[in-house]
Amino acid sequence: MKHGYFFDMDGVIYNSMPHHAQVWEETMQRHHLHFTAQDCYRNEGRTGFDVIHEVILRDEHREASHEEIARIYAEKTNAFLAMGHPAPIPDIQDVLHYLKNQGHVIWIVTGSGQDSLFETLNKDFPNIFARERMITAYDVTHGKPNPEPYLKAWERSGLQKEDCCVIENAPLGIRAAKAAGLFTIGVNTGVLTRDDLQQAGADIVLDNMEQLLTAIRESRF
């Protein structure tokens with residue numbers, strides 16, 4: 001039977017969170033805003049616009065304009081790109097190739113707003129992803145932890161919810177997936193604890209992609 005696997009990107013497909021954490025912290029500091037690398041991990045999955053809006057509201061007690069937020073986000077994005085292309089998460093290639101070879105449907109559900117995202121994924125993972133099976137920051141009004149990103153992926157997949165599985169590494173992403181009514185696996189690839197992912201509501205928490213591949217092969221979900 002064909003199943004749908006919905007993958008977050010940062011920290012699940014790419015080992016990009018250390019880069020994101022560094023540039024978020026540095027960019028916010030340049031604008032006299034307080035946002036640490038740890039804050040980045042705890043806010044992972046939200047759109048950049050949401051993050052900047054909330055931090056400015058919290059620190060400066062004002063509503064930032066769309067133009068101001070866009071400038072700060074562009075600055076952060078350029079700094080991230082200047083750090084070079086992050087490597088894939090260890091063993092994620094094996095997971096993706098196994099799922100594809102089994103005939104399952106693979107989606108990306110990310111808060112990223114990178115214009116070249118599909119081209120990057122297709123270069124690193126040829127013939128795995130399809131543009132029509134991607135939900136990005138441009139496709140939603142509300143980012144994670146709102147369930148909208150995962151609800152849109154599920155609705156477009158045409159599958160039953162019981163035939164879908166979310167792969168996440170972040171508490172906000174897990175909350176979004178569970179609010180959408182989807183079975184969710186937390187893979188702890190970052191600096192947070194297993195308890196952080198369990199408390200967010202993950203159905204299963206694993207330590208790495210090797211464990212994920214083993215679990216899939218054993219048909220545990």
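This is a predicted model: local features need pLDDT of at least 70, side-chain atom pairs count only at pLDDT 80 or more; totals for chains, interfaces and linings use all residues.
Which residues of α1 are buried?

Helix α1 covers residues 17-30. Its buried residues are Met17, His19, His20, Ala21, Val23, Trp24, Thr27 and Met28. The cover over these buried residues includes α2, at 37-42, α3, at 48-60, and α4. As for length, α1 has 14 residues and spans 20 Å from its first C-alpha to its last, close to the 20 Å expected at 1.5 Å a residue. Just after α1 comes His32, with a positive phi of about 60°.

Now to the rings. A pair of aromatic rings is described by two things, the distance of the centres and the angle of the planes. In this model there are six aromatic pairs. One of them joins Trp24 and Tyr73, with 6.4 Å centre to centre and 35° between the planes. Trp24 and Tyr73 are both buried. They also belong to a cluster, in which ring pairs link Trp24, Phe35, Phe49 and Tyr73.

Last, charges over rings. Lys76 lies over the face of Phe80, 5.2 Å from the ring centre. Lys161 is placed over the face of Trp154, and there the distance to the ring centre is 4.6 Å.

Definitions and conventions. Residues are numbered from 1 along each chain as its sequence is written. Side-chain values use heavy atoms; hydrogens and water are left out. Rings of Phe, Tyr and Trp (its six-membered ring) pair if their centres lie within 6.5 Å; planes under 30 degrees apart count as stacked, over 60 as edge-to-face and the rest as tilted. Helices (H or I, at least four residues) and strands (E, at least two) are DSSP runs, numbered from the N terminus. Buried means under 20% relative accessible area, exposed over 50%, partly exposed in between (1.4 Å probe, protein chains only). A charge sits over a ring if NZ of Lys or CZ of Arg is within 6 Å of the ring centre and within 35 degrees of the ring normal. The expected span of a helix is 1.5 Å times one less than its number of residues. Contact means heavy atoms within 4.5 Å.
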